[in-house]
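Q: I'm new to reading protein structures. Could you walk me through one, feature by feature?

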Amino acid sequence: MKKSTYFSLGIFILLVLGGLFLALNSNDSSKEKYFSIDAKWFEFNPEEIRVKLGDQVTININNLDVTHGIVIPELGIKGNEVITFNANKKGEFLFYCNNFCGVGHKDMVGKIIIE
């Protein structure tokens with residue numbers, strides 16, 4: 001074999017190994033997560049959602065009767081129709097309706113769990 005063939009083969013092997021190394025050691029394990037939550041007088045459905053740390057989260061809020069919305073005070077998140085955020089803090093966080101919707105407003109609570 002010619003020296004140039006060995007050289008080309010060596011470069012090819014290095015590129016393959018380098019690509020495998022990068023693919024296996026990538027720290028970007030986040031994913032996009034989409035949820036649809038029905039909001040109606042005094043309840044969210046579903047009441048609980050789970051995501052992984054680092055996920056990009058989008059929640060569509062389907063207001064079935066009046067304008068509700070979601071606020072997650074500990075994460076500084078608030079919206080009426082669509083909220084999008086990065087799940088960058090582990091824990092269990094309560095979310096609430098952010099628009100007064102009647103006598104049971106205070107009971108309108110859900111939970112997001114970031115694992």
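Q: How many bridges join β4 to strand β7, and do they run parallel or antiparallel?
A: Keep in mind that this is a predicted model. Here, five bridges join β4 (residues 56-63) to β7, which covers residues 82-86, and these two strands run antiparallel.

Q: Which way does β4 run relative to strand β1?
A: Those two run parallel, with eight bridges joining β1 (residues 32-40) to β4. One spot to look at is K33, which stands opposite V57 in β4.

Q: Now the inside. Which residues of the largest nonpolar core touch the most other members?
A: The general idea comes first: in soluble globular proteins, nonpolar side chains tend to be buried together. In this model the largest nonpolar core has 21 residues, and F44, I59, I70, I72, F85 and I112 touch the most other members. The largest share, three residues, comes from β4.

Q: Which residues is I112 in contact with, leaving aside its neighbours within four places in sequence?
A: I112 is in contact with I49, V51, I72, F85, G91, E92, F93 and F95. Let's pick V51 from that list and follow it.

Q: Where is V51 found, and is V51 buried or exposed?
A: V51 is in strand β3. Its relative accessible area is 2%, so V51 counts as buried. Not counting residues up to four places away in sequence, V51 touches K33, F35, V57, A87, I112, I113, I114 and E115. Take K33 from that group: K33 and V51 are 18 residues apart in sequence, and their C-alpha atoms are 7.4 Å apart in space.

Q: How do I read an aromatic pair, and how many does the structure hold?
A: A pair of aromatic rings is described by the distance of the centres and the angle of the planes. This structure holds one such pair. The partners are F44 and F95, with 5.0 Å centre to centre and 65° between the planes, which makes the pair edge-to-face. The pair links distant parts of the chain, since F44 sits in strand β2 and F95 in strand β8, 51 residues apart. F44 is buried at 2% relative accessibility, and F95 is buried at 1%.

Q: Last one: where is N98 found, and what does its side chain reach?
A: You'll find N98 in the loop between β8 and β9. N98 has a relative accessible area of 18%, and buried means under 20%, so N98 still counts as buried. The side chain of N98 reaches the backbone nitrogen of I70 at 3.2 Å. There's also a polar contact of 3.4 Å joining the side chains of N98 and N80. Beyond four places away in sequence, N98 touches H68, G69, I70, V71, K78, G79 and N80.

Definitions and conventions
Residues numbered from 1 in each chain as written. Predicted model: local features only at pLDDT ≥ 70, side-chain atom pairs only at ≥ 80, totals over all residues. Heavy atoms only, no water. Pairing = 2+ DSSP bridges. Helix = DSSP H or I, 4+ residues; strand = E, 2+ residues; numbered from the N terminus. Core = buried A, V, L, I, M, F, W, Y, C linked by side-chain atoms within 4.5 Å. Buried < 20%, exposed > 50% of the residue type's maximum accessible area, 1.4 Å probe, protein only. Contact = heavy atoms within 4.5 Å. Polar contact = N/O pair within 3.5 Å; in protein donor to acceptor, adjacent residues only side chain to side chain. Phe/Tyr/Trp six-rings, centres within 6.5 Å; stacked < 30°, edge-to-face > 60°.
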